[in-house]
Amino acid sequence: MRWFAYVDNGKWFLNSLLSTSEILNHLHRLPTSFEAFASIQNYDVNGVIQSCPLYIDIDASSLYDAWEVTRDTWCKLKSDFSVTPHVFFSGSKGFHVIMPLLIRHSQCHTIAREIATDYCTDLDTKVYSSRRMWRCNGSINKKSGRYKIRVADINTPLETIIANAENGIDERHNKFEFKYYQSPLFDEMVEGISKE
C-alpha cells in the first residue's frame, strides 16, 4: 500500500493509504488538470514502512546539466547492478531515477540516500524522508505546464523529452512493466548500511 493524494487549485485531497489498483483507479479518473502524488515507500495496512526502491531525484543548475547527470547516474547504476534503471522527467527542472531493486527495511529511505550519494553528484537529499510523495507518472506540473513522463531510452535528446512532456496528457494511461530484480551486490550494500 502507498499514500496517495491529488491537488486541485492548490488544495490537497484524499491523502489516503491505498493499494496500487486503487491508486490507478483514482489516477485514471482524475481530470488531467489535477496534480497527483503517491508515496515512494510501501506500507502495511497500519501505515508502517515496509520497503522502497532505490530512488534518486536529480536537479541541477540547468535542465541540460540535470540530463547529463541523469545519464551518467544511469550508466553507473546499470554497470554495477546489471539492472536497467527507470528514468522519468519530472515535468519541471529535473529527473527521477528508480532502480527496480527493493530495499525491505523500515528506514528504506535512509538506506536509499546512502546508496544514492555514491552514484549521483547532483542529488536532491531532501527527498529521503518518511512518507515521501512523488509526482505520479502522467501528472501535470502546474508550474511548468508539462507532465511527468517516462523516458524509455537513455539516449533520447533533451529537446524530445521536453516536447513529449508538453504533450504527455495520456502518459498516465500508458502501462509499462515494473518488476523488481535481485542483485547480490545491492543486497550486500543494503545489509551493510542497515547494520550501521
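**Close-ups of a predicted model**

**View 1. Asp-153, a partly exposed loop residue.** Asp-153 has a relative accessible area of 40%, so it counts as partly exposed (buried is under 20%, exposed over 50% and partly exposed in between, with a 1.4 Å probe and protein chains only). Asp-153 lies in the loop between β11 (149-151) and α4 (158-166); helices (H or I, at least four residues) and strands (E, at least two) are DSSP runs numbered from the N terminus. Arg-135 is 18 residues away along the chain, and the two C-alpha atoms are separated by 20 Å. A word on the source: this is a predicted model, where local features need pLDDT of at least 70, side-chain atom pairs count only at pLDDT 80 or more, and totals for chains, interfaces and linings use all residues. Residues are numbered from 1 along each chain as its sequence is written, and side-chain values use heavy atoms, leaving out hydrogens and water.

**View 2. His-86 in strand β6.** His-86 sits in β6 (residues 86-89). With a relative accessible area of 9%, His-86 is buried. Arg-150 is 64 residues from His-86 in sequence, yet their C-alpha atoms are 7.6 Å apart in space.

**View 3. Aromatic pairs.** Rings of Phe, Tyr and Trp (its six-membered ring) pair if their centres lie within 6.5 Å; planes under 30 degrees apart are stacked, over 60 edge-to-face, and the rest tilted. By this rule there are eleven aromatic pairs. One of them is edge-to-face, joining Phe-81 and Phe-186 at 5.5 Å centre to centre with 90 degrees between the planes. This pair ties together distant parts of the chain, 105 residues apart: Phe-81 in helix α2 (residues 63-81) and Phe-186 in helix α5 (residues 184-194). Both Phe-81 and Phe-186 are buried. Elsewhere, ring pairs join Tyr-6, Phe-13 and Phe-34 into a cluster.

**View 4. Charges over rings.** Arg-131 holds its charged end over the ring of Trp-3, 3.8 Å from the ring centre (NZ of Lys or CZ of Arg must be within 6 Å of the centre and within 35 degrees of the ring normal). Lys-148 does likewise over Phe-88, at 5.1 Å from the ring centre.

**View 5. Helix α3 against α5.** The axes of α3 (residues 108-116) and α5 come within 10 Å and cross at roughly 115 degrees; axes are lines fitted to C-alpha atoms, for helices over the stretch in contact, with angles from 0 to 180 degrees between N-to-C directions. Ile-111, Glu-114 and Ile-115 of α3 meet Phe-186, Met-189, Val-190, Ile-193 and Ser-194 of α5 (contact means heavy atoms within 4.5 Å).
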